[in-house]
Amino acid sequence: MSTRTGLDLLVHQHFATLKGKAVGIVCNQATVDSSLKHFLEHVSSPQYKENLNIKAVFGPQHGLFGHTQDNMIEWEGGTNSRFPFPIFSLYGKHREPTETMLKGIDLLVVDLPDIGARYYTFIWTMALCLKACERLGIPVEILDRPNPISGEQVEGPVLDPEFASFVGLYPLPLRHGMTLGEIGLYLQAHFFPKVKLSVARAEGWSRSQYLDETGVPWTMPSPNMPTLDTAILYPGGCLLEGTTLSEGRGTTRPFETVGAPYIDGWKLCDGLNALSLLGVYFRPIQFQPTFQKHAGEICEGAFVHVLNREIFKPVLTYAALIREIYRSYPQLFHWQSPPYEYEEIKLPIDILAGNEWLRKSIVEYENLDSIAERAYEEASRFDVIRRNFLLYI
């Protein structure tokens, strides 16, 4: 049986639960049903617009329709000629919706496709919506979707609250193994106990399933998340944003493509493949980014091929990759400097990892087994908490 998302079920029910309410919608360009029709197309269609009262629409990072390319590129709200609703940006001057934005709303509906990694800021847009709605007494409904990289595997580290930022406001592992609805229930229980939250569960999803096993179409949730393959790598690959290495932005395969002008790609891949990391192979490549880091320069490095996604450990893999480059090029490798996602002081690698210990382990060329063990211990402790909020088997 194909999976039906929370939005699919809402469409099937002809939006019955929204009728008679003043509704705000938090969504982006990937908020589509299984026929690829956008949430806003449905609610503004002649079939429904007379019976629904949509007061406002809110969009996350990258814009309501995904037009901004990178981190800390803000966008303004306004109007859209196709959809007759006020549009507010939750990635700019305000990341938490204000009382003015929420005025007159008596239900906030959140449908933001997540990709299974703690850094992905749509989780934290949802969290700040819960925070605002708790303060104002507005109920929230999350339309749930499958975790596209499955909901069974969990990989640490877990965020240390001292390193909280917009790539991690509350403790979660880097690969959290949860859906947006499950994370919402966890946040409600631990941080926003007074918010009235409901989750429209997806039907027919098993935790072991990746998105390509569900019948739910893949749609790019952000400009540098082109494929499911990208999402599978991302819980580790995003660590590259804390370095001056190119993570492949400005190529057609970001996060799978890694390198810099000073790297010998063949030597790098020989060293990485000798580590016998599970489920992955490193292929030497050359590439020329068209924008962002090393734009216009010839880079060498690795293309990261996932051979077995069931045993692949993205966080350990990319920690090993950065560690190998740091060891081989200590004078040329650099950590990225602040600011990063509005954090002005702490190193980007530390707020991405959610700690200092991962960076220090890389610098000290710590044994990979030790890094893996510490990450596993943190993830295992969180998994005890996580299991209280799982909606699917």
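Mentor: Begin with a term: a polar contact is a pair of N or O atoms within 3.5 Å; within protein, one must be able to donate a hydrogen and the other to accept it, and residues adjacent in sequence count only if both atoms are side-chain atoms. This is a predicted model, in which local features need pLDDT of at least 70 and side-chain atom pairs count only at pLDDT 80 or more, while totals for chains, interfaces and linings use all residues. Residues are numbered from 1 along each chain as its sequence is written, and side-chain values use heavy atoms, with hydrogens and water left out.

Trainee: Which backbone oxygen does the side chain of arginine 145 reach?

Mentor: Arginine 145 sits in the loop between strand 5 (140–143) and strand 6 (155–158); strands (E, at least two residues) and helices (H or I, at least four) are DSSP runs, numbered from the N terminus. Its side chain makes a polar contact with the side chain of aspartate 111 at 2.7 Å. At 2.8 Å, the side chain of arginine 145 also reaches the backbone oxygen of valine 32.

Trainee: Is arginine 145 buried or exposed?

Mentor: Buried means under 20% relative accessible area and exposed over 50%, with partly exposed in between (1.4 Å probe, protein chains only). The relative accessible area of arginine 145 is 12%, so arginine 145 is buried.

Trainee: What volume does the largest cavity have?

Mentor: On a 1 Å grid over the protein atoms alone, a cavity is a set of points where a 1.4 Å probe fits but cannot get out, and lining residues have an atom within 4 Å of a point. Grid points are joined across faces, edges and corners, and a volume is the space filled by probe spheres set on the points. The largest cavity is lined by 21 residues, with Pro113, Asp114, Arg145, Pro146 and Pro148 nearest its centre. Its volume is about 230 Å³.

Trainee: In strand 5, what is the bridge partner of leucine 108?

Mentor: Strand 4 (residues 107–110) and strand 5 run parallel and are joined by three bridges. Two strands pair if DSSP finds at least two bridges between them. The bridge partner of leucine 108 in strand 5 is valine 140.

Trainee: Which residue caps the N-terminal end of helix 5?

Mentor: Helix 5 (residues 228–237) is mostly covered, with nine of its ten residues buried. At its N-terminal end, a side-chain oxygen lies 3.2 Å from the backbone nitrogen of aspartate 229. The capping residue is threonine 227.

Conventions. 1 Å grid on protein atoms, 1.4 Å probe; cavity = no way out; pocket = protein on both sides within 12 Å on 5 of 7 lines; lining within 4 Å.
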